[in-house]
2 protein chains.
Amino acid sequence: MATLIFPEHPSPVADAEALRKACQGWGTDEKAIISILGRRNAIQRKLIRQAYEEMYQEDLIKRLESELSGDFEKAVYRWTLDPEDRDAVLLNVAIKQVPLPDYRVIVEISCIRSHEELLAIKRAYQIRYKHSVEEDLAQHTTGDIRQLLVWLVSVYRYKGEEINVRLASSEAEILYRVISEKAFNHEETIRIITTRSKAQVLATLNHFRDDYGTSITKHLRDDSSHEYLSALRTAIRCICDHHKYYEKVVRRALNQPGTDEDSLTRVIITSAEKDLKDIKELFQKRNSMSLEHAVAKDTSGDYKAFLLTLLGKED
Amino acid sequence: MATLIFPEHPSPVADAEALRKACQGWGTDEKAIISILGRRNAIQRKLIRQAYEEMYQEDLIKRLESELSGDFEKAVYRWTLDPEDRDAVLLNVAIKQVPLPDYRVIVEISCIRSHEELLAIKRAYQIRYKHSVEEDLAQHTTGDIRQLLVWLVSVYRYKGEEINVRLASSEAEILYRVISEKAFNHEETIRIITTRSKAQVLATLNHFRDDYGTSITKHLRDDSSHEYLSALRTAIRCICDHHKYYEKVVRRALNQPGTDEDSLTRVIITSAEKDLKDIKELFQKRNSMSLEHAVAKDTSGDYKAFLLTLLGKED
C-alpha cells in the first residue's frame with residue numbers, strides 16, 4: 001500500500017499558480033512546494049507541469065532545479081518527473097557512474113518493476129538519451145556482470161503464476177552443482193535467474209532451500225569483493241521479496257555514518273505511490289522504531305520535511 | 001510493397017459461410033479456400049475467424065487443419081493466423097527443432113520485425129505456450145549461440161536514425177581487431193551487433209568495409225561448420241538488407257534438390273502483406289526469371305496455386 005496522501009480533485013491551474021508564487025521574489029517558499037507537490041499523485045503532478053508550462057511558458061522542473069539545492073532539490077526533481085522518466089534518469093545515472101555502474105539501481109528497476117513499467121522506462125530512456133538502455137549498459141560493463149545485467153534488463157519474463165515443480169527441482173540441482181564447484185558465473189545460473197518467470201524462480205529457490213538446507217544467497221559469497229556476486233544476490237532478493245530488500249536498503253542508508261541520502265530518497269520516492277506502507281511496517285518490525293522517526297533523526301530541513309510528507313505525515 | 005490482392009470491404013459472414021461450405025460434404029473445395037483466404041488481409045482474416053467461430057461454434061483454423069494436408073495445409077494454417085501469432089508459432093517450432101534450434105528463423109524474426117511487432121510476438125508466445133520466448137530459447141541453446149540469440153531476441157534497440165560517426169569508426173576497429181584474432185565469439189562482437197540501433201550497426205559495417213577493404217561477412221567464415229558464425233552472418237544480413245536476405249533464402253529454397261518448402265512458405269507468407277514485391281523484384285534481377293515462374297516450376301497442386309495467389313497472381 002501507498003503512503004502518499006493526496007486530495008481527489010485538486011486544480012492543476014491553482015497548483016501551478018501557487019508554485020509560481022513560491023518560486024518568485026526573494027527566497028523560495030519551500031514549505032509551499034512541499035505541501036503541494038508532496039501531496040499529489042503522478043497524474044496530478046503531470047497535469048500541474050502541463051498547466052505551468054502553458055501558463056508561464058516555462059518548464060516547472062527546470063525552475064525548481066534552479067530554485068532549490070542539495071538533497072532536497074534532487075528529491076523534488078525526481079519526484080516531480082513521471083515515474084517512468086524518473087526511472088530512466090535513475091538508470092542513466094547508475095550506468096554512467098564511475099569507475100563502475102551502480103548495479104543495485106539497475107537490478108532493482110529490472111527486477112521489481114512490472115514488464116509494462118519496464119517497457120515504458122525503456123521508451124522514456126530512448127526519448128531522453130537517444131540510446132537504448134541496453135546499449136549504454138553493455139558499453140559500460142564487461143564480462144559476467146554485463147551478461148547478468150543485460151539479461152535482467154532485456155528479457156521479457158513470463159508473467160503467469162503457474163509453476164513447474166519438476167523443473168524447479170531440476171534447476172535447483174543445476175544451481176547447487178555449479179555453486180558447489182564455485183562456478184558462480186556459470187551461464188546456467190544467469191539463465192535460470194534471468195529468464196524464468198518470477199514465480200518459477202521462487203519455486204526453484206524454495207526447492208534449493210528444502211533440498212540443500214540453506215538459502216542460495218548464503219552460498220553466493222566469495223572472499224574477494226565480487227561485484228557480479230553482489231549483483232546476483234541483489235537480483236535474487238528483489239525477485240523473492242522486494243519489500244524486505246527495500247527495508248534493508250533504507251536501514252543501511254540510515255545506519256551508515258553520514259546517511260546515504262541517494263538510496264534513502266530513491267526508495268521513498270519510487271515507493272510512496274506504491275507500497276511504501278509495506279516497507280514501513282517491515283522497518284518497524286525489524287528496527288523497533290518507525291521509519292518516520294528514523295528519517296527525522298538522520299535528516300534535516302526541507303529535505304526532512306519533504307520525505308516525511310511522502311511518508312504520509314499529516315500536517 | 002505488398003503483393004497481396006484483397007477487396008476493400010468483403011463480408012466476414014459471407015466468407016465464413018463460403019468456407020464452411022468448402023469444408024462440408026465429400027471432399028474439400030480447396031479452390032474456394034484459396035480464393036477467399038488467399039485474398040484477405042490480416043484484419044479481414046481475423047474477422048472471418050471470429051464470424052466463423054460465432055456462427056458454427058468451431059475454430060476455423062482447426063477445421064482447415066483437419067480438411068487439408070501437407071505443405072498446403074501448413075501454408076494455409078500459418079497464413080490464417082494473426083501475424084504475431086504466426087511468428088510465435090514459427091519461433092516455437094524453430095526453438096524446439098532437434099538436434100539444434102533453427103537459428104535462421106529466430107534471427108530473422110528478431111532482426112527484421114520492428115520492436116512493436118516483436119513485442120506483440122512475445123506476448124502471443126506467452127499466451128500460447130505459457131513460457132517466455134527467452135526462457136525456451138535459453139533452455140535449448142548453450143554458449144556463444146545462446147548469448148547471440150537471446151540478446152537478439154530480447155534487446156530493445158534504439159529506433160532513431162541518428163548516427164554517431166566516431167562511434168561507428170571505433171567500433172569498426174574493435175570488430176576488425178577481434179576478427180583478426182579469430183575471436184569471432186568475442187563479447188564485443190555480440191554487444192555491437194545486438195545492442196546498437198540498426199542505423200548505427202549499418203554505419204559501423206560501412207566503416208568496416210571502407211577501412212579494411214572487405215565486408216565483415218567475408219571475414220566471418222571458419223573452416224569448420226560453425227552454427228554461431230552462420231547465425232552472426234544471418235543477423236548482419238537481416239539488419240543490413242532484409243530484402244536481399246529473403247531473396248537468397250527463396251533462391252536457395254527453390255534451387256535445392258526437392259525444394260525447401262518450409263523456407264519458401266515462410267518467406268512468402270510473412271512478406272505477402274508487407275514487402276514481397278521488393279523481394280520479387282530482387283529475385284527477377286538476380287535470377288533473370290520471375291519469382292512466380294520459379295515457384296510454378298518447383299511446386300504443384302493447391303500448394304502452388306495458394307503461393308501464386310499470395311504472390312499477386314490475378315484470376
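Seven is the number to start with: across the interface of chain B and chain A there are 7 salt bridges, a salt bridge being a side-chain nitrogen of Lys or Arg within 4 Å of a carboxyl oxygen of Asp or Glu. In one salt bridge, the side chains of B:Glu188 and A:Arg146 meet at 2.6 Å, N to O. By class, the side of chain B that touches chain A has 8 nonpolar, 11 polar and 14 charged residues; Ala, Val, Leu, Ile, Met, Phe, Trp, Tyr, Cys and Pro count as nonpolar, Asp, Glu, Lys and Arg as charged, and the others, Gly among them, as polar.

A word on the model: it's predicted, so local features need pLDDT of at least 70 and side-chain atom pairs 80 or more, while totals for chains, interfaces and linings use all residues. Residues are numbered from 1 along each chain as its sequence is written, chains are lettered from A and ligands numbered from 1 in written order, and side-chain values use heavy atoms, leaving out hydrogens and water.

Back to the interface: 33 residues of chain B are in contact (heavy atoms within 4.5 Å) with 33 residues of chain A.

Now for chain A itself. UniProt, in an unreviewed entry, lists a "binding site" that includes A:Gly25 and A:Ala296; such annotations may be inferred rather than shown by experiment, and positions follow the numbering used here, with feature names shortened. The listed residues span 275 residues in sequence and the farthest two C-alpha atoms are 33.6 Å apart, so they don't all gather at one spot. A:Ala296 touches A:Lys304 and A:Leu308, leaving aside residues up to four places away in sequence.
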